[in-house]
Amino acid sequence: MFKNSSIMVLLNDENENPVQLLEVDKNTQDAIAKSFAEAAMPLLSGKQIVPFDGSYKPNDDEGLSICNFHLPEAITDAIRNPLGLQSFVYDKDSEPDIKAIFIGIRTEANNSEVFTVAFQRFRKEQYLSTKKFSLFFENNTFKIENRWGIGITDMVDCVFTQSELRFSSYYYVRQIFDLSEYYRSATDSEVRN
């Protein structure tokens, strides 16, 4: 699904360029694209999708959905033109504040754009810091690696498809997107009922 798609990072909102390109080699790109595509499939076609109402916690075989979700323009612009993005680089003087890693595709249907984007929230422990000992196994011995880096897991926390945001955990997805207007409208309708 995400074959030949660029890998991007979503930084916290205070950043001048909140979406940046993660420069990777072809093998890394293929591996991450395949992993994200596989991880996104349960939310796209495997789970029963339940409309998000602010009070329902889904079972393992269910996912939640917010219809008419507005994907930030910085993300759609990045998927349209990833080569126009600033590359993400490490600056030892300021710790980067990554919110999510994402990958997406853009297609056209009925004279309109359709985006499918998979997001993985980024946790502090995914930073491979030079301030701690990162040990890698090589030739039957662990060796210290003191270069800075990031870790990407094989999980996806939410998927945007067409105009719908699908996810399994409100707690995780709100670490990527501000969902306050959707949560508020869900709980308002619940109160009216």
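**Notebook: salt bridges and a nonpolar patch**

I began with phenylalanine 142, which lies in strand S9. The model I am reading is predicted. I looked up how open this residue is: phenylalanine 142 has a relative accessible area of 55%, so it counts as exposed, the cut-off being over 50%.

Next I looked up the nonpolar patch on the surface. Phe133, Leu135, Phe137, Phe142 and Ile144 form it, and together they have about 620 Å² of accessible area. Strand S8 (134-138) and strand S9 (141-145) are the elements that give two or more residues to this patch.

**Entry on helix H2**

I turned to the salt bridges and noted that the structure holds nine of them. One of them joins the side chains of aspartate 77 and arginine 80, with 2.5 Å from N to O. Both residues lie in helix H2, and they are three residues apart, about one turn of the helix.

Which other residue does arginine 80 form a salt bridge with? I found glutamate 113, with the closest N and O atoms 2.7 Å apart. This pair links distant parts of the chain, since arginine 80 is in helix H2 and glutamate 113 is in strand S6 (residues 112-121), 33 residues apart. Glutamate 113 has a relative accessible area of 33% and is therefore partly exposed.

I then looked for a wider arrangement. Asp77, Arg80, Arg106, Glu108 and Glu113 are linked in a network of salt bridges.

**Entry on aspartate 157**

I looked up another salt bridge, between aspartate 157 and arginine 121, where the closest N and O atoms are 3.6 Å apart. Here too the pair links distant parts of the chain, 36 residues apart. Aspartate 157 is in the loop between strand S10 (149-150) and strand S11 (158-161), while arginine 121 is in strand S6.

Are aspartate 157 and arginine 121 buried or exposed? I noted that both are buried.

**Entry on aspartate 97**

Last, I looked up aspartate 97. I found this residue in the loop between helix H2 (73-80) and strand S5 (98-109). Aspartate 97 has a relative accessible area of 32%, so I wrote it down as partly exposed.

Conventions:
Residues are numbered from 1 along each chain as its sequence is written. This is a predicted model: local features need pLDDT of at least 70, side-chain atom pairs count only at pLDDT 80 or more; totals for chains, interfaces and linings use all residues. Side-chain values use heavy atoms; hydrogens and water are left out. Helices (H or I, at least four residues) and strands (E, at least two) are DSSP runs, numbered from the N terminus. Buried means under 20% relative accessible area, exposed over 50%, partly exposed in between (1.4 Å probe, protein chains only). Patches are made of residues with over 30% relative accessible area and no salt bridge: like charges are joined within 9 Å, nonpolar side chains (Val, Leu, Ile, Met, Phe, Trp, Tyr) within 5 Å. Accessible areas come from the Shrake-Rupley method with a 1.4 Å probe; for residues, only the protein chains shown count as cover. A salt bridge is a side-chain nitrogen of Lys or Arg within 4 Å of a carboxyl oxygen of Asp or Glu.
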